[in-house]
Amino acid sequence: MKHQLTAHVSRRAVLAAGAALPALMTNPVIAQSPGLDVPYVPTPQDVVDRMLDMVKPTAKDFVMDLGCGDGRMLVTAAAKFGARGRGVDLNPVRITEATENARRANVSDKVEFIVANLFATSIREADVLTMYLLPSVNLLLRPRILDEMRPGSRIVSHAFHMADWEPDQQDEVRGRNLYHWIVPAKVAGKWNLHEGSNMISLDVFQQFQNLTGLAKTEAGAKGKVTGRIKGTEVTFNVDMGNGSKTYTGKVADGMIDPGSGAGWNAAHETRIGR
Ligand SMILES: C[S@@+](CC[C@H](N)C(=O)[O-])C[C@H]1O[C@@H](n2cnc3c(N)ncnc32)[C@H](O)[C@@H]1O
């Protein structure tokens, strides 16, 4: 399994990343260090700073770094933004270094570092997730990120993307790509859109942040739905053939709330997925 993971790093991804980690991955000795799915290559401090600027941790946030290395991501998040966090790494040497770095930066009360396998680590608690892993490892984590993390939580990845889940924001520091995603709420399924005395049923299909679907009035007229979701904020257009109308609201507890005075609401009648 571990050797498979390293072998799956595509040459294109390696060339595109333009960072130290992909270069190391071409070295079969380092790539196959016993037990590790990713070799240790620390993120340079200016890249750490930019990654954290993208996900904007606050003192209310719990940040997790999967494969935390010497802990620099969480130590910086705690020292600069007051965030709390937990880092896991399979290598006990890294955990000793990270714990010592937290002590030196006076943030031991905010962050903890644990020897653990990232694949066996729950990410439910995380408001922010940071990663410098590999494309194949990111892809293995992707379904867990989408299912376990709360809508609106933020992810930032150094060098590697998550295939067809397009990032909400992308940046670059000295040729290193940085990707930022916001976990979208799950809105696939049937919705009833009530507006005045009218009701339109919407069959919504969701592909990450992108929404498409079919609309149907009670009288049987049919139309199209398109839209986009960012965390819990959804914007969708309903086109019944006489010009499209845009609806914007927040998804919570099976409802879309447009705020007061909008004159409509939508209720999730049948969900697809969790
Ligand atoms: C590229 S380094 C990134 C370190 C740190 N996050 C940073 O950005 O500076 C990847 C780290 O993942 C750790 N690692 C590799 N496989 C792991 C696994 N299955 N579970 C936990 N940590 C792992 C390695 O020991 C290494 O420290």
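Analyst: The buried residues of helix H7 are covered by elements that include helix H6 (72–81), strand E2 (84–89) and strand E3 (111–115). Helices (H or I, at least four residues) and strands (E, at least two) are DSSP runs, numbered from the N terminus. The model is predicted: local features need pLDDT of at least 70, side-chain atom pairs count only at pLDDT 80 or more, and totals for chains, interfaces and linings use all residues. Residues are numbered from 1 along each chain as its sequence is written.

H7 itself comprises 13 residues, 92–104, and spans 18 Å from its first C-alpha to its last. That is close to the 18 Å expected at 1.5 Å a residue, where the expected span is 1.5 Å times one less than the number of residues.

The buried residues of H7 are Arg94, Ile95, Glu97, Ala98, Asn101 and Ala102. They lie on the same side of H7, because they cover an arc of only 160° around the axis, the arc being that of the directions from the helix axis to the C-beta atoms. An α-helix has 3.6 residues a turn, so residues three or four places apart point the same way. Turned away from the buried side is a face with the exposed residues Pro92, Val93, Arg103 and Arg104. A residue is buried if 20 or more other C-beta atoms lie within 10 Å of its own, exposed if 12 or fewer, and partly exposed in between, with C-beta atoms placed from the backbone.

Just after H7 comes Asn106, whose positive phi is about 65°. Most residues other than glycine have a negative phi. Asn106 is placed in the loop between H7 and E3, and this residue is exposed, with 11 other C-beta atoms within 10 Å. Ala159 likewise is not a glycine and has a positive phi, of about 80°. Ala159 lies in the loop between strand E5 (154–158) and strand E6 (169–173); it is buried, with 26 other C-beta atoms within 10 Å.

Two of the elements that cover H7, H6 and E2, each supply at least two residues of the shell around the ligand. Of the 24 residues around the ligand, Thr43, Gly67, Gly69, Leu118 and Tyr132 come nearest; a residue is near a molecule if its C-beta atom, placed from the backbone, lies within 6 Å of it.

Notes: Contact = placed C-beta atoms within 7 Å.
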